[in-house]
Amino acid sequence: MALSGLDIYKLLAKTNCKECGFATCLAFAMQIAKKALSIDKCPYLGAEAKAALETASLPPIRPVVIGMENNKLEVGNETVMFRHEEKFRNPCGLGFIIDDNLGDSQIKQSLEKINVLKFERVGQLLNVNLVAVKQNGDGKRFVEVVRQVAENTKLGLVLMSEDSAALKEALAISRERRPLIYGADSENLTNLAQLAKEFQVPLVARAKDLDGLSVLTQELSKQGLADLVLDTGTKKIKDKLWDLTQIRRLALKKSIRSLGYPCLVIVETEDSYAEALEAGTYILKYASIVLVRGFQNWQALSLLTLRQNIYTDPQKPLQIEPKVYKIGAVDEKSPLLVTTNFSLTYYTVLGEVEASKVPSYIMSVDTEGMSVLTAWAAEKFTPEKISDSLDKFAVKDLVAHKRLIIPGYVAVMSGDLEEQSGWQVRVGPKEAAGIPSFLKNLQ
Ligand code: SF4
């Protein structure tokens, strides 16, 4: 169970010596309870207190790393049920299953398509994470396909096999990539645990229900395995959601350590729309890895966009640097549009300005990442702020005119803005979609 600040305080030396950087032992204890600090900061902990605190300060859901270097995927380490309570930390990994009974050229083509599933959205690069090789036939073919996949993609690997001899060979080829083994159940637990230990790679524990999983993870933990991922098998969406929610709840709220691991889900359906819908459901609640078979662009883009939204820190809206951006071959006559520094707003405006093919300046005002109307209501997008930005970015040195275009939603500020800034204000369209025709018809 998680220890409260007072429980932790009872284990401390209570001398208030301040060596930890806090004025009192109680203040230090409160920080430890919030998991905001390492217990090493206090040099006066006895062995027993240290052991108790170390256990209590472990993350409720263990972080697990798959893959290496630039293609490393860290999952788990989540601390809240709901994003608004703080934030979701490690974005759900998206991976694609490749069956080893496909032909070599088909596998090559699939990998070529998967490797280019990268999208830029609101200034961030979104990419997929894993390729899972699934054994369907003999072990020799599985090893061949793992080799082919390892040679043709840098993405993290999942080795889906119950054949421990074949897995051993596949691990020998791919151990540098720290693949995830899928997966240990009550039948093959000993063999797969041995392989995971020998090659020091993470392992999926599979059972139909939470009790079964709990027994498995405790056994694996006794065998020295800590980097585990949970799977309760393919089920109806509502049953799977129930499992995922209960696992998260039991790990976070009841401190059940045997379920404190990230979860993996495999989506098995031939209908690509249903597949994307189901995968999206699990990204929302509470999968850490989702494996699918479909790798069409629209599927990956929609799932990665959803993931980006869910895993964005709600306290810190995506922001761009406030400054003047030059779009196209601008000159001193180019129009100047004003908007906020909320990424989604800026990139929407940018897309429409580019579509207009009218070279323009976009001045993004520092509104702490708020969109136009929110920033206006919060007095972050005001005539004063816009005037200050015009001065700060020396806009008068960029253009030979003194005309600026403001979003239609804040037309109400145009009089005050003209007075404050001395610039002539033109009211642009309310919706960004109106920008191309507005710019083309600008006199
Ligand atoms: Fe208390 Fe340890 Fe901090 Fe000293 S270093 S104030 S004993 S918690």
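View 1. A search of the whole structure finds 0 disulfides, a disulfide being a pair of cysteine sulfur atoms within 2.5 Å. This is a predicted model, in which local features need pLDDT of at least 70, side-chain atom pairs count only at pLDDT 80 or more, and totals for chains, interfaces and linings use all residues. Residues are numbered from 1 along each chain as its sequence is written, and side-chain values use heavy atoms, with hydrogens and water left out. The closest cysteine sulfur to that of C92 is in C263, 10 Å away and too far for a bond. C92 is buried at 1% relative accessible area (buried means under 20%, exposed over 50%, partly exposed in between; 1.4 Å probe, protein chains only).

**View 2. R293 and D99 form a salt bridge.** Their closest N and O atoms are 2.4 Å apart. R293 lies in the loop between β12 (289–292) and α11 (297–310) and D99 in strand β3 (residues 93–99), so the pair ties together parts 194 residues apart in sequence. Helices (H or I, at least four residues) and strands (E, at least two) are DSSP runs, numbered from the N terminus. D99 is buried, at 17% relative accessible area. The whole structure holds 18 salt bridges, each a side-chain nitrogen of Lys or Arg within 4 Å of a carboxyl oxygen of Asp or Glu.

**View 3. Salt bridges link D104, K140, R141 and E144 in a network.** E144 meets R141 at 3.1 Å, N to O. The two residues are 3 apart in helix α5 (residues 139–152), about one helical turn. E144 is partly exposed, at 38% relative accessibility.
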